[in-house]
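Here are a few friendly notes to read alongside the model. Take them one at a time, and keep the 3D view open as you go.

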Amino acid sequence: MVCYSLDPENPTKSCKSRGSNLCVHFKNSRETAQAIKGMHIQKATEYLKNVTLQKRSVPFRCCNGGVGRYAQTKQWGWTWGRWPKRSAEFLLHMLKNAESNAELKGLDADSLVTEHVHVNKAPKMQCRTYRAQGRISPYTSSPCLREMVLTEKRADCS
């Protein structure tokens, strides 16, 4: 059994999805995950598909050193943003996995909301790059661990 960083309040009305040691940049994944936190599943999938097509951008709030400013990010009330394609594609796969887990549990897939999205750093993978005059330097990548909890929310009748 895999341990998640957050257990849902009502486990019968929620589903989980997890990815470990994914070869996607940690900083891009963190910002993309924070952008879809609290969204309905259809809205999140549409948003991530638009990010891969560069129609909507992801606001970079924390890891924004050297990130450019774009007008598309004004909808978030921010100026710095990017279009992290691979991170969006991996999150789309995780949303699809969570949706199939929800259908297996018998939940309504249309009323799922991303309650919890968590991205952690995974151990760095090292290679070598060969430099001038016979020197060798490390060439590391920054993979990440992701977990996601989706909860079924009912529309309140007023």
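1. Let us begin with a term for how much of a residue can be reached from outside. Buried means under 20% relative accessible area, exposed means over 50%, and partly exposed is in between (1.4 Å probe, protein chains only). This is a predicted model, where local features need pLDDT of at least 70, side-chain atom pairs count only at pLDDT 80 or more, and totals for chains, interfaces and linings use all residues. Residues are numbered from 1 along each chain as its sequence is written, and side-chain values use heavy atoms, with hydrogens and water left out.

2. Now find Gln133, in the loop between β5 (125-130) and β6 (136-141). Strands (E, at least two residues) and helices (H or I, at least four) are DSSP runs, numbered from the N terminus. Gln133 has a relative accessible area of 81%, so it is exposed. Its phi is positive, near 60 degrees, though the residue is not glycine. Most residues other than glycine have a negative phi.

3. Asn21 also has a positive phi, of about 55 degrees, and is not a glycine. Asn21 sits in strand β1 and, with a relative accessible area of 46%, is partly exposed.

4. Which order do the strands of the open sheet take? The 3 strands run β1-β7-β4, with antiparallel pairing; two strands pair if DSSP finds at least two bridges between them. β1 (14-22) and β4 (112-121) are at the edges with a single partner strand each, so one side of each has no neighbour in the sheet. Neighbouring strands are turned by 10 degrees against each other on average, direction ignored.

5. β4 and β7 (residues 144-152) share 9 bridges in the antiparallel sense. Helix α1 (residues 26-36) packs on the sheet and touches β4 and β7, its direction making about 160 degrees with that of β4. Axes are lines fitted to C-alpha atoms, for helices over the stretch in contact, and angles run from 0 to 180 degrees between N-to-C directions. Contact means heavy atoms within 4.5 Å. Helix α3 (residues 85-105) also packs on the sheet, touching β1, β4 and β7.

6. Is Glu152 buried or exposed? This residue of strand β7 is buried, with a relative accessible area of 9%. Not counting residues up to four places away in sequence, Glu152 touches Lys13, Leu107, Asp108, Ser111 and Leu112. A polar atom of the Glu152 side chain lies 2.8 Å from the backbone nitrogen of Asp108.

Notes. A polar contact is a pair of N or O atoms within 3.5 Å; within protein, one must be able to donate a hydrogen and the other to accept it, and residues adjacent in sequence count only if both atoms are side-chain atoms.
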